[in-house]
Amino acid sequence: MSGGSAGGINLRGMGGGAGRVLILIDGHPQYATIYGHPVADAYIASDAQRVEVSRGPSSVLYGSNAMAGAINIITRQATQEGNHLNVRLMGGSYSTQRYSLTDSYRQGPWSGVVSGNYERTDGHRPNSGFELFSGFGKVGYDISEEWKVTANVNIAQANSNNPGTVSNPMYEGTADVLRGMSGLSLENNHGITRGALNLYYNWGNHKINDGYTEGGNPREFLFRSTDYMGGLNLYQAVNLFPGNTLTGGFDVKLYGGNAYRNPETEIYADHVKLHEIAGYVFVQQELGRFMINAGLRLENHKLYGTEWVPQGGISFRAAKETHLKFSVSKGFRTPNMRELYMYDSANEDLLPERSLSYDLSVSQRLLDNRLSMELALYYIKGDNIVETVPVDGNPKNRNVGEFANKGVEFSLTYQILDNLSLHSNYSYLHMDTDITGAPRNKFYAGVTYRPGRFTLSAGAQVIDKLLLSTGEQGESSSYTWVDARVAYRAWRWGEVFVKGDNLLAQKYETMLGFPMPRATVMGGVSLNF
């Protein structure tokens, strides 16, 4: 949660703790508004049905914080009639334990999902333990064939320890984090037109002890912060005539919070309140083998006024299974509350960050669609990037100038046999201005085989030149990660499994001074009733 690790999600060399990658849950934005970055501990994998990743600027649909892209977590839905219960129990290395219970129900117009999760670990280093409690609930009602209403709520309580770097261990570096998320959606589908009204409200309460190192003293006060974000988004799409789709939307977002250590003398953000209001239109038109799309968003921020965000693209169906796409899109990010108001580096004169991305891709399917491939090339150029730089010997947040990232992405999926599949991807990233947390080369290959009651899967990921620090003495990390999982369906209603990560016991870091664990093993059972 602290020490530079929070919110470190990168897409195409952009992201990090500043919040340039937007996380959404069921289309609702989710992040700690005090810092502008997501809190990944609050996102529970077992509550997710699928994850959609938009690579490159997605600001035309989502506004600020989607400058590098967006990740939308779609939560579980009850798809089968009746009541279904899943219990999952796991245990393994470093006294790690994970327990989850999920119950889904569908009967007539009603549907619902409720789940509870608990996990804990001692961690692979002294003072690196972690504990998480979470609960999720979702209920839906089909008002008619055309209208549906859904409500959901999620609460997560995480307690973690920061052990500090290996060379400078930390004591009492703890974080007590409570995150809550709620949403209400009214959806309609009339065939030629469809849309939704979404209301959401998120909140957080953080108590952080920044600890002390050898020779230091315990902190007299904890760092405390609260934040909230509420709003609505409304959209409606209509098919005006064959091959055409016109979508219009409207967003309102209210957010703020406070942060302090000593509540009388050390106040960083005093109940700041901000808002954003936006409208957008997106049109898509099919013309023979071509598909043309264009979008425009008009956003107004309380501090920064009006921002126009355009996007356009064209795709060409060269053959039945061959598609080419080209797009140009603008991304932007308004400075977050930490950059504007908090600590000695605060600067209320910061300007919004902006970027322009060019994407070209070709996709191909072969062998009766059993083999699919995609190759993408991109170039992203931006300016006004906010960084903390020394000014008169003191750190200060400044808009430091331009950056340019370019790269190649390739993915392949091959259904070799009915029970044997291969999936692989590769990415190359070149950055004119280096940032940490983004590797130069990344390659992954995985295979899944299902003989009878067994399911066998294994994967290997090669990371090359993952930057840990920048500058003349910059350090990087390169390693090969291998994992495997074996599951056996021992009963009609359950399976046993064992999985291993980093099976080559590689020594590596993803954050300077914080070595990752060597080989770890987990085993458990999954029961369905």
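## Aromatic rings

Ring pairs link Tyr35, Phe223, Tyr268 and Tyr343 into a cluster. Rings of Phe, Tyr and Trp (its six-membered ring) pair if their centres lie within 6.5 Å. This is a predicted model: local features need pLDDT of at least 70, side-chain atom pairs count only at pLDDT 80 or more, and totals for chains, interfaces and linings use all residues. Residues are numbered from 1 along each chain as its sequence is written, and side-chain values use heavy atoms, without hydrogens or water.

The structure holds 15 aromatic pairs. One of them joins Tyr201 and Trp203, with 6.0 Å centre to centre and 25° between the planes. That pair is stacked, because planes under 30 degrees apart count as stacked.

## Nonpolar cores

In soluble globular proteins, nonpolar side chains tend to be buried together. A nonpolar core is a set of buried (under 20% relative accessible area, 1.4 Å probe, protein chains only) Ala, Val, Leu, Ile, Met, Phe, Trp, Tyr and Cys residues joined through side-chain atoms within 4.5 Å.

The largest core has 26 residues. Met14, Tyr43, Ile73, Leu132 and Phe403 have the most contacts inside it. Strand 3 supplies its largest share, 3 residues. Strands are DSSP runs of E, at least two residues, numbered from the N terminus. A second, separate core of 23 residues includes Ile34, Tyr35, Met229 and Tyr268.

Two strands pair if DSSP finds at least two bridges between them. Strand 3 (residues 21-25) and strand 6 (residues 69-75) run parallel over 5 bridges. Leu22 has Ala70 as its bridge partner in strand 6.

How values were computed:
Helices (H or I, at least four residues) and strands (E, at least two) are DSSP runs, numbered from the N terminus. Buried means under 20% relative accessible area, exposed over 50%, partly exposed in between (1.4 Å probe, protein chains only). Rings of Phe, Tyr and Trp (its six-membered ring) pair if their centres lie within 6.5 Å; planes under 30 degrees apart count as stacked, over 60 as edge-to-face and the rest as tilted.
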